[in-house]
Amino acid sequence: MNPKWWKESVVYQIYPISFMDSNGDGIGDLRGIISRLDYLQDLGVDVIWVCPIYKSPNHDNGYDISDYCDIMKEFGTMDDFDHLLRELHARGMKLMMDLVLNHTSHEHPWFVESRSSKDNPKRDYYIWRKGKNGGPPNNWESYFSGSVWELDPRTDEYYLHLYSKYQPDLNWENPVVIDKLHEMVEWWLKKGVDGFRFDAIAHIVKTKGYPDADNPNRTPTVRAYGMFSNLADVHTLLQNLYDKVLYFYDIMTVGETSGLGPEQALDYVGDGRRELNMTFQFEHMFLDAASPGSGKWDVVPWSLLELKKIMSNWQTVLHDKGWNANYLCNHDQPRAVSRFGNDLFYRIPSAKMLATFIHMLEGTPYIYQGEEIGMTNVCFDSIDEYRDVETLNYYEEKRKNGVPEEQIMSAIHHKSRDNARTPMQWDDGHAGGFTTGTPWIEVNSNHMEINAGNAVKDPDSIYHYYKQLIALRKKYKVIVYGSYELLLAEHTEIYAYIRTLEDQRLLVILNFFDGEPEFEWPAGFDSEPDQLELLISNYTVSKDEDIRSLKLRPYEARVYLQQRV
């Protein structure tokens, strides 16, 4: 079982620019976060994961860092950060920083020097190459569309950027760069932070020689993710970071590692690997995409059978060998209730059902801000209302290729990262209570109905359902450490599974759609009402109900506990 505090924790992710504004400038900030800590403590979460708050020109909302040891002025000061850390620790809560080690901002002093001349001492801090045949060094495609290479006229060479051109990739083959990054990580740990989410960590190593990817269709660029994702030397570098820095602190670490399955994940999180505590997997995030990466915009229907297959594989392969990080939404993904639930007719029951699903799995559950009140995707009419660089790049590329406006906007309404980045909806007042000024991006117009103020007052709200789930997880070890067994693998509407630990068994029953299927009780599970304890349900359940014939209601969720003797 190997108990750890981070296995038993529930994490709440904050996207600071959109969480709470304390000074009326329309931008969320650290003092705004501090002002809402009582709300988070009441919810019951243990760890706050804060997206990047470092000094940044903000081309990608803080994921382009220009100074690792300073705070973005819009968010506050280092004194504000120290205050936040003290307030969290005083409440028995922990802080996980979001740290970008793959790239920096183009305004980082290292890159300013690096691009100044070919013989600058910091030239090799980044990845520079000469062009080829009058174009970029190779045909790799950026995650944000277009080439990964940007020509710098000053030296007539290209620098590599897997993301935006404002985010040049660091050269992890340079030992000086590695040492400086290690020093910076330790600097934050000495301040008292409790862990890191390592952004894009799977990409810190690129294929040697930077060869072209296969290109049978002869397109300008190719989604060459295998050339710069999860390569073997990533593990060597992470083990080096662990042995020299992370080992000496009792912290929580999670890596953003797209493009892998659970067997590969064990290379990062397997017991004794000396790398990370857990990784974010992305397989379920591409269920409704025609292909991974930039193919996410080509929306296709998702399959419950595929979701079962993916999640069950992660649950079983990592059991007793590694640890899962479970989520359905974050700052890079659409809102969960709009994507996997029903935000029109069954928003409340489907949001509760999805929460039950994630919190009853083995692994650490992650709640993205607003998920606990059932916030939904936004549907802006004009591209002018969007702010996300990936979304804007996609729009421009498709317009140049002659794709109809209606088709482009439909994809954006489904998949834009701004769906998750609209301001937190605190109340039904101006800007949803997020700011007294003009928000940096418009608040979802449904904030009059969907907001934290309403949710906290309503004992039957999604918010209070989350509180119950979190409390149950703290009470029953079977929810944290129990093994996983999938039931009804081929059922197209019901996702059901059993969790087992010693003499306790947990039965989780989830109706993922708006039909009313009948649940068939598994062999060995006593369906007599007096033998089962209903721990939680998103519908009212009559004490006189005959559960031997259980007809589920739309998006119904039930969790039963069986104590075996």
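## Ground rules

Residue numbers start from 1 along each chain as its sequence is written, and side-chain values use heavy atoms, with hydrogens and water left out. Since the model is predicted, local features need pLDDT of at least 70 and side-chain atom pairs count only at pLDDT 80 or more, while totals for chains, interfaces and linings use all residues.

## Two loop residues with positive phi

Most residues other than glycine have a negative phi. N133 has a positive one, near 55°. Look for N133 in the loop between strand 6 (128–129) and strand 7 (149–152); strands here are DSSP runs of E, at least two residues, numbered from the N terminus. N133 is exposed, at 79% relative accessible area, where exposed means over 50%, buried under 20% and partly exposed in between (1.4 Å probe, protein chains only).

D156 also has a positive phi near 55°. Follow the chain to the loop between strand 7 and strand 8 (157–160) and you'll find D156 there. D156 is exposed too, with a relative accessible area of 55%.

## Strand 20 and its partners

Now for strand 20, residues 557–563: six of its seven residues are buried, so the strand is mostly covered. Strand 16 (residues 504–511) runs antiparallel to strand 20, joined by seven bridges; pairing takes at least two DSSP bridges between two strands. Strand 18 (residues 533–537) pairs with strand 20 as well, antiparallel and over four bridges.
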